[in-house]
Amino acid sequence: MRMRSTLPIIFISLFVLCLNLQPLHADTPKDIILVLDNSGSMKQNDPQFLTKKVVSGFLDGFSPDTHVGIVVFDEKVDLAVPLSPIGTGETKNKILDSLSKVNYRGKLTDSPAGVERAIYELKSKGRKEATRAVIFMTDGLVDTGDKTRDLERSKWLREDLASESQKLGIRIFGIAFTEQADFQLIQALGQKTDGGYFRALKTDEIEGIFKEINAALLKPQSEVATVPSRKEGINWTWVIIVIGIIVLGILAISIGRGRKGPGIATARPVKLPKATLKDIREVSGKDEYPIKSAIISIGRGATNDIVINKPTVSTKHATIEYRDNVFYIVDQRSANGTFLNGQKITGEVKLKHGDKIKFDEYEFAFVLVEHADEPRTQLRGERGKATPRTPEGISPGGEEEIPTKLKDMCPNHPAWKATELCPRCKTAYCDKCMVDLTGSKKICIRCAGKRA
């Protein structure tokens, strides 16, 4: 009964709040990163370096509390000017100096890397209350010198970076300088982030484009709803939204009270068996990664759970997923492939303890902790007391004794259990340390070296 009596008060309060909401103020502070293409082909499209002059004039039109940064890219990316308040003389000098270094001499065009650096700068140093934007200028396609990598990086920019920018409220405005530019990519960035895209096929069009961008930055993003003041009348869209929220709240409370038991059932978290992924050569900087969630991602991108920062590893190369009491390795359409025990996989494959996984050429091992320490099958010569041995290591019955050293760790790789016994030195090693001698017989690499 008490809940019913308070609902009218809640409704009236929300209604009054709705009437008093004000639109975003035009003087909202701005954080802007300009991403400038410095590749050699730009010189053909902007021979008089007009872009630098227009950029300088564009920045002069902002208030002193505007923060600006400059990223220059070709085959490499340079944060020429970190995000800084434009009202200081130091920042203006840095901007002018960075623009003077734009010489259009770069050989390649890694525009995704340039945009990613701009997003990271706004994410780490941008102000929460500011309107944040990236102005991205280029004259062509993504060109890193490798067609497969170009497709991969274009997809990374169109999907991953655009999604992250959208979540962070960063608007991307793209300016293309030639008809050969990837307009589909530039348009997708603008539409997904509520920014925009433009064609500047003549250098004298650049100034007008910057004026349009400036006007767009003064307007709130389309996702941000605004409500006029009382003088302009009631915004009934907001009233309907508020009423809908209240109705849904009442329904939720009614359903919750109607359920039997002390409360509403909640889904139980998945309990994973203890498992780890061991980096055999520590190319990732760590030797072991505990698997603590139902899905972990592996790849070159910094947002992955396991980062392998190697150029032949895809941004999101593969995932390890746990469901229905089974771990799976899933290739995410990587450029250079995922391999399980030497075999290239497509789609998903079940994992078992001891499996070797390669992401391109970088090898890891999958370990189920409950199996890592379980006792092995007892071998001949191990029942009861140790079988007596001759000095040559042969039991009186003529059979060579197999010692219990297989329970130990490999002396060359302390993180790995010994799995094979060298018949010469009687030392147990992991399979990595054993080499073929003749046929199926193996000896350790140390004895093989002595023999050679």
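Start with strand β7: Ala275, Leu277 and Asp279 point one way from it, Thr276 and Lys278 point the other way, and all are buried. Keep in mind that this is a predicted model.

**Strand β7 and its partners**
- With 5 of its 5 residues buried, β7 is largely enclosed by the rest of the structure.
- On one side of the pairing story, β7 runs antiparallel to strand β17 (residues 362-368), and 5 bridges join the two.
- Within that pairing, Ala275 stands opposite Leu368 in β17.
- β7 also runs antiparallel to β8, this time with 3 bridges.
- Here Leu277 is the residue that stands opposite Tyr289 in β8.

**Ser284, in the loop between β7 and β8**
- Ser284 sits in the loop linking β7 (275-279) and β8 (288-290).
- Despite being a loop residue, Ser284 counts as buried because its relative accessible area is 18%, and the cut-off for buried is under 20%.
- Its side chain makes a 2.7 Å polar contact with the side chain of Tyr289.
- A polar atom of the Ser284 side chain also lies 3.4 Å from the backbone oxygen of Lys286.
- Leaving out residues up to four places away in sequence, Ser284 touches Asp279, Tyr289, Val307 and Phe364.

- Phe73 belongs to strand β2 (residues 67-73) and Phe136 to strand β4 (residues 131-138), so the pair ties together parts that are 63 residues apart in sequence.
- Phe359 and Phe364 make an edge-to-face pair, because their planes are at 70° with the centres 5.4 Å apart.
- Phe359 is buried at 0% relative accessible area, and Phe364 is buried at 0% as well.
- Phe364 is also one of the residues that Ser284 touches.

**Around Tyr322 to Tyr328**
- Tyr322, Phe327 and Phe366 come together as one aromatic cluster.
- Arg323 places its charged end over the ring of Tyr328, 4.4 Å from the ring centre.

Technical notes:
Residues numbered from 1 in each chain as written. Predicted model: local features only at pLDDT ≥ 70, side-chain atom pairs only at ≥ 80, totals over all residues. Heavy atoms only, no water. Helix = DSSP H or I, 4+ residues; strand = E, 2+ residues; numbered from the N terminus. Phe/Tyr/Trp six-rings, centres within 6.5 Å; stacked < 30°, edge-to-face > 60°. Buried < 20%, exposed > 50% of the residue type's maximum accessible area, 1.4 Å probe, protein only. Lys NZ or Arg CZ within 6 Å of the ring centre and 35° of its normal. Polar contact = N/O pair within 3.5 Å; in protein donor to acceptor, adjacent residues only side chain to side chain. Contact = heavy atoms within 4.5 Å. Pairing = 2+ DSSP bridges.
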